[in-house]
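Thanks for passing this one along.

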Amino acid sequence: MRQLPAISALLVALLAASPLNDLDAADDPGKPALDPLTGLVMAQGWQLVRAHCFACHSMKTITQSGKDRSNWAKTIQTMQRTEGLYPLGEMEADILDYLEKNYPVSDKPHNPKIRRPISGF
Ligand code: HEC
């Protein structure tokens, strides 16, 4: 029974490394926490996004989305052209850095308003 502590330590290490822990970023000290108000990843530049993008709509438009840098830039331009978003000046590059890094293109389903094709028929 002398091995028991070693086996328990191994089990704890295996559980800690389990991919199941990725389900909740807030529980993983390796990942930045989420802002409780907006759900934005609290990484470099997040306050800029909260300050300049949160006035008109929920941040789910961002957190449930994923685009490359040029498509994020197009989104900002569209909003400036059609929704009245003011020019962001030199902050635009910092905002794009944040969006590109934290909300990149992903093949995970991200917009619950878009129905996935029904499989199994
Ligand atoms: C002046 C108001 C306003 C501000 C400020 C604003 N938006 Fe929007 N945004 C809108 C409106 C209105 C829509 C919905 C338009 C639509 O979907 O046709 C929208 C839609 C979106 C969408 C979903 C549509 C798409 O193209 O994917 C995203 C993403 C988005 N905004 C990101 C941002 C980001 C990033 C910022 C900050 C740089 C921002 N918004 C700031 C008004 C604004």
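1. We begin with the crossing of α2 and α5. Helix α5 spans residues 91-102, and its axis comes within 9 Å of that of α2, at a crossing of roughly 115° (axes are lines fitted to C-alpha atoms, for helices over the stretch in contact, and angles run from 0 to 180 degrees between N-to-C directions; helices, H or I of at least four residues, are DSSP runs numbered from the N terminus). The two are therefore roughly perpendicular, the class for 65 to 115 degrees.

2. On the α2 side, Trp46, Leu48, Val49 and His52 meet Met91, Asp94, Ile95 and Tyr98 of α5, where contact puts C-beta atoms, placed from the backbone, within 7 Å. By class, six of these residues are nonpolar, one is polar and one is charged (Ala, Val, Leu, Ile, Met, Phe, Trp, Tyr, Cys and Pro count as nonpolar, Asp, Glu, Lys and Arg as charged, the others, Gly among them, as polar).

3. Now the ligand: 16 residues surround it, the closest being Cys53, Cys56, Thr61, Thr75 and Glu83 (a residue counts if its C-beta atom, placed from the backbone, lies within 6 Å). The shell has eight nonpolar residues, seven polar and one charged. Its largest share, four residues, comes from α4.

4. A friendly reminder: this is a predicted model, in which local features need pLDDT of at least 70 and side-chain atom pairs count only at pLDDT 80 or more, while totals for chains, interfaces and linings use all residues. Residue numbers run from 1 along each chain as its sequence is written.

Conventions. Angles under 35 degrees count as roughly parallel, over 145 as roughly antiparallel, 65 to 115 as roughly perpendicular and the rest as oblique. Two residues are in contact if their C-beta atoms, placed from the backbone, lie within 7 Å.
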